[in-house]
Amino acid sequence: MKSGTDRAQPPPTCFECDAPVRTEWRDHTFTYGTDESAIELTVSVPIETCGECGHGSLGHEAERLMHEAVCMHYRVLTPQEVRAIRERHGLSRAAFAEASGLGEATLHRWENGILIQSRANDRYLRLLTSADNLRTLQQIGARSEAASPAWCPSFRVLTEVSVLRMHQAAYELRIASA
């Protein structure tokens with residue numbers, strides 16, 4: 001008896017008319033960006049076309065390939081490469097975020113192709129491919145946690161708000177009596 005994951009997937013059907021579609025690989029040109037920073041890129045992607053109504057569509061694989069083309073154009077790591085750095089160290093996203101100081105949600109967006117990291121963050125990620133660099137960051141994090149008590153705020157407050165308000169009240173403009 002076959003489990004639910006062993007069953008063959010039904011052939012894809014058209015979004016418009018529910019007829020079977022055929023998948024063809026074609027060069028697809030798309031624009032990335034806006035205004036004067038916009039670029040045109042061409043990448044070979046699978047396009048599903050309906051034999052009945054002629055409707056064509058790009059699927060998830062095409063979106064992934066287009067995202068990779070943008071990453072390659074800007075010479076930044078692809079989502080798969082970002083994920084591979086973390087996995088190479090055997091860390092969960094939360095543990096990698098803790099060690100690196102990057103946000104867990106940000107890592108999720110980079111690893112899933114929702115956002116493309118900046119050039120500075122890309123360079124930082126490349127440095128994190130080195131186990132020595134990651135270990136150094138983990139040691140820095142452990143030392144800073146041990147040095148600051150749990151009640152210590154993340155950001156130092158320079159002056160209490162109540163003190164600022166007292167000073168502000170002292171400098172109110174008043175009409176001078178003659």
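## Terms and model

A residue is called buried when its relative accessible area is under 20%, exposed when it is over 50%, and partly exposed in between, using a 1.4 Å probe and protein chains only. By this rule Glu-111, at 2% relative accessibility, counts as buried.

The model is predicted, so local features need pLDDT of at least 70 and side-chain atom pairs count only at pLDDT 80 or more, while totals for chains, interfaces and linings use all residues. Residues are numbered from 1 along each chain as its sequence is written, and side-chain values use heavy atoms, with hydrogens and water left out.

## Helix H3 and the residue after it

Helices here are DSSP runs of H or I with at least four residues, strands are runs of E with at least two, and both are numbered from the N terminus. Helix H3 covers residues 93–100, and Phe-96, Ala-97, Ala-99 and Ser-100 in this helix are buried. These residues are on the same side of H3, because they cover an arc of only 165° around the axis. The arc is that of the directions from the helix axis to the C-beta atoms.

Just after H3 comes Gly-101, which has a positive phi of about 85°.

## The loop between H1 and H2

Helix H1 spans 60–74 and helix H2 spans 79–88; Thr-78 lies in the loop between them. Thr-78 has a relative accessible area of 9%, so this residue is buried.

Contact means heavy atoms within 4.5 Å. Leaving aside residues up to four places away in sequence, Thr-78 touches Glu-68 and Cys-71.

## Ile-85 in H2

Ile-85 lies in helix H2. With a relative accessible area of 2%, Ile-85 is buried. What does Ile-85 touch, not counting residues up to four places away in sequence? The contacts are Leu-77, Phe-96, Leu-125, Leu-128 and Thr-129.

Phe-96 is one of the buried residues in H3. Leu-125 is 40 residues from Ile-85 in sequence, yet the two are 7.7 Å apart in space, C-alpha to C-alpha.

Side chains of opposite charge can pair when their charged atoms come close. A salt bridge is defined as a side-chain nitrogen of Lys or Arg within 4 Å of a carboxyl oxygen of Asp or Glu. A search of the whole structure finds 9 salt bridges.

One of them joins Arg-83 and Glu-111, whose closest N and O atoms are 3.9 Å apart. Arg-83 is in helix H2 and Glu-111 is in helix H4 (residues 104–111), so the pair ties together parts that are 28 residues apart in sequence. Arg-83 is partly exposed, with a relative accessible area of 22%, whereas Glu-111 is buried at 2%.

Asp-122 and Arg-126 form a salt bridge with an N to O distance of 2.6 Å. Both residues lie in helix H5 (residues 119–127), 4 residues apart, which is about one turn of the helix. Is Asp-122 buried or partly exposed? At 3% relative accessibility, Asp-122 counts as buried, while Arg-126 is partly exposed at 38%.

Another salt bridge links Arg-135 with Asp-132, and the closest N and O atoms are 2.5 Å apart. Arg-135 is partly exposed at 42% relative accessibility, and Asp-132 is partly exposed with a relative accessible area of 49%.
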